[in-house]
Amino acid sequence: MTSSNRWGNVPAIDVINLGANENDATKDLNIAFVASHDMRHVVKTINSLPSNLSGNLTILLNDITTPIACRNLALLFILGMIPDEALAADVALHLWYSVFLPEEYRVQVGLAIAAALDKSRDDSITVPIGKRSTVSWFYPPEAVAYLVNLAPDAEISKLSTPSPNTVEFKARLLDGTIGIGYDSSDPLEGWDISAVIAAGKAHGARPEDIYGCIYFYLTEQLRMFAKRLRELSISFKLYSTEACGLAQAIKSGRLTELDLPPTVRFNRIEVSNILDAQYVGMDAVLTTWGPLLSDNPFATIVGYFLNWPLLEKDGDPTTCEDEDVIDQCIKCVMDRDERRLRVPLRSPPDALPEFPDDDNWYDYTNLNKYSWAERFVEFSRK
Ligand SMILES: C[S@@+](CC[C@H](N)C(=O)[O-])C[C@H]1O[C@@H](n2cnc3c(N)ncnc32)[C@H](O)[C@@H]1O
């Protein structure tokens, strides 16, 4: 995790948006997050489903960076296995967002992981969470060490000295599970700031205390997610491998025994910004994952471009002096039918972000480091 952002840097997306699409709470849905980074899109998607959902969900969750994939797995174990939902949510929140783990939470993390590793020593590595959900994970061998180190034991802590906080901090740095990532990494970027402020206000936190607000917001989200893990029927399949290789493995039949036969099709495939040329690129993503998309009008590949200005001459608006470049960029956006951040779905491609008032504008532009060059895209078979 050391070479990337610690947290995702675009707001969480509900990739199903059931009411505006299938609008059928009985339907089974297969959803793939092929370069997930953290779990925010999964949490947002599952929390946005209606509470009367009776269909079965299959969630394929993959990220090439094994420490990130391990953190996601640990979060699912914690949220699904600690019986008290409020405690489960608080332990998960600390593991995901805090540099420090209180001692009693470290024990809880350790117990959840030990239970999961223990159960996975049987023939199968499918672990039940809740009454109707399961987690299966297929990680490279080094993942076990990352998982164990998420709750470092006393031996690791002895490597450091005095303050319990310093010990914990260093231990988690040493084992690579915390990973400072870029110093610009900020939890606020992964969630919709209006919703964060609203959650804070509901608990008496002022918008100025924005990290207090996000504490309340995340607590709500994680409690709801823990509840849904217990109520819904969800089969999580977690991988830590290269996204295109994973698609090829499914198509070749190599994952049939893991319930991902070549015939499997996905209702949504979330590809993050591996669409950017700096990662995989649009052609390779669509060529490998496109054939695995279900053949119906709602099935969609959802993704975004973040890094395209870096490859454009004068792509940085803060240094660009040539107004023609801006015009050309606007034309490209119009031609490609993409959406900006903070623009309602189904708006025309030239629609600009909407901010109802000055405070709202400030929250989105000054409390975050969005570039406003982010472009969100959807691909379907139509
Ligand atoms: C595409 S990165 C983008 C991170 C950040 N938005 C940025 O631009 O630096 C998001 C996630 O994709 C994962 N990732 C990158 N390339 C991948 C690939 N080919 N297959 C699977 N996951 C990948 C990374 O590990 C990371 O967690």
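Reader: Which residues in α3 and α4 meet?

Author: This is a predicted model, and the helices concerned are α3 and α4, the latter covering residues 103–119. On the α4 side, the contact is made by Tyr105, Gln108 and Val109. Their counterparts in α3 are Val91, His94 and Leu95.

Reader: How do the residues of the contact of α3 with α4 divide into nonpolar, polar and charged?

Author: No charged residue takes part in the contact of α3 with α4. The rest divide into 2 polar and 4 nonpolar.

Reader: Are α3 and α4 roughly parallel or roughly perpendicular to each other?

Author: The axes of α3 and α4 are 10 Å apart, and the packing angle is about 95 degrees. Angles of 65 to 115 degrees count as roughly perpendicular. The two helices are therefore roughly perpendicular.

Reader: At what angle do the axes of α3 and α9 cross?

Author: Helix α3 spans residues 85–97 and helix α9 spans residues 210–231. Their axes come within 8 Å. The crossing is right-handed, and α3 and α9 are therefore oblique to each other. The angle is roughly 120 degrees.

Reader: Which residues in α9 does α3 meet, and how many residues of the contact are charged?

Author: From α3 come Glu85, Ala86, Ala88, Ala89, Asp90, Ala92, Leu93 and Tyr97. From α9 come Leu218, Thr219, Leu222, Arg223, Ala226 and Lys227. The residues of this contact include 9 nonpolar and 1 polar, and the number charged is 4.

Reader: Which strands stand at the edges of the sheet, and why is one side of each left without a neighbour?

Author: The open sheet has 9 strands with mixed pairing, in the order β3-β4-β5-β2-β1-β6-β7-β9-β8. Each edge strand has a single partner strand, so one side of it has no neighbour in the sheet. The edge strands are β3 (126–129) and β8 (339–340).

Reader: Which residue in β9 stands opposite Arg339?

Author: Strand β8 is joined to β9 by 2 bridges, and the two run antiparallel. Strand β9 (residues 375–379) also pairs with β7 (residues 300–305) in the antiparallel sense, over 5 bridges. There Tyr304 stands opposite Phe376. The residue in β9 opposite Arg339 is likewise Phe376.

Reader: What is the bridge partner of Ala32 in β2?

Author: Strand β1 covers residues 29–33 and β2 covers residues 56–62. They run parallel and are joined by 5 bridges. In β2, Ala32 has as its bridge partner Leu60.

Reader: Which strands does helix α1 touch?

Author: Helix α1 (residues 40–47) packs on the sheet, and its direction makes about 160 degrees with that of β1. The strands touched are β1, β2 and β6 (268–270).

Reader: Which residues come nearest to the ligand?

Author: There are 19 residues around the ligand. This shell divides into 8 nonpolar, 9 polar and 2 charged. Those that come nearest are Ala35, His37, Ile64, Thr65 and Ala243.

Terms used: Residues numbered from 1 in each chain as written. Predicted model: local features only at pLDDT ≥ 70, side-chain atom pairs only at ≥ 80, totals over all residues. Near = placed C-beta within 6 Å. Nonpolar A, V, L, I, M, F, W, Y, C, P; charged D, E, K, R; others polar. Pairing = 2+ DSSP bridges. Helix = DSSP H or I, 4+ residues; strand = E, 2+ residues; numbered from the N terminus. Contact = placed C-beta atoms within 7 Å. Axes fitted to C-alpha atoms, helices over the stretch in contact; angles between N-to-C directions. Parallel < 35°, antiparallel > 145°, perpendicular 65-115°, else oblique. Left-handed = near helix turned anticlockwise from the far one by under 90°.
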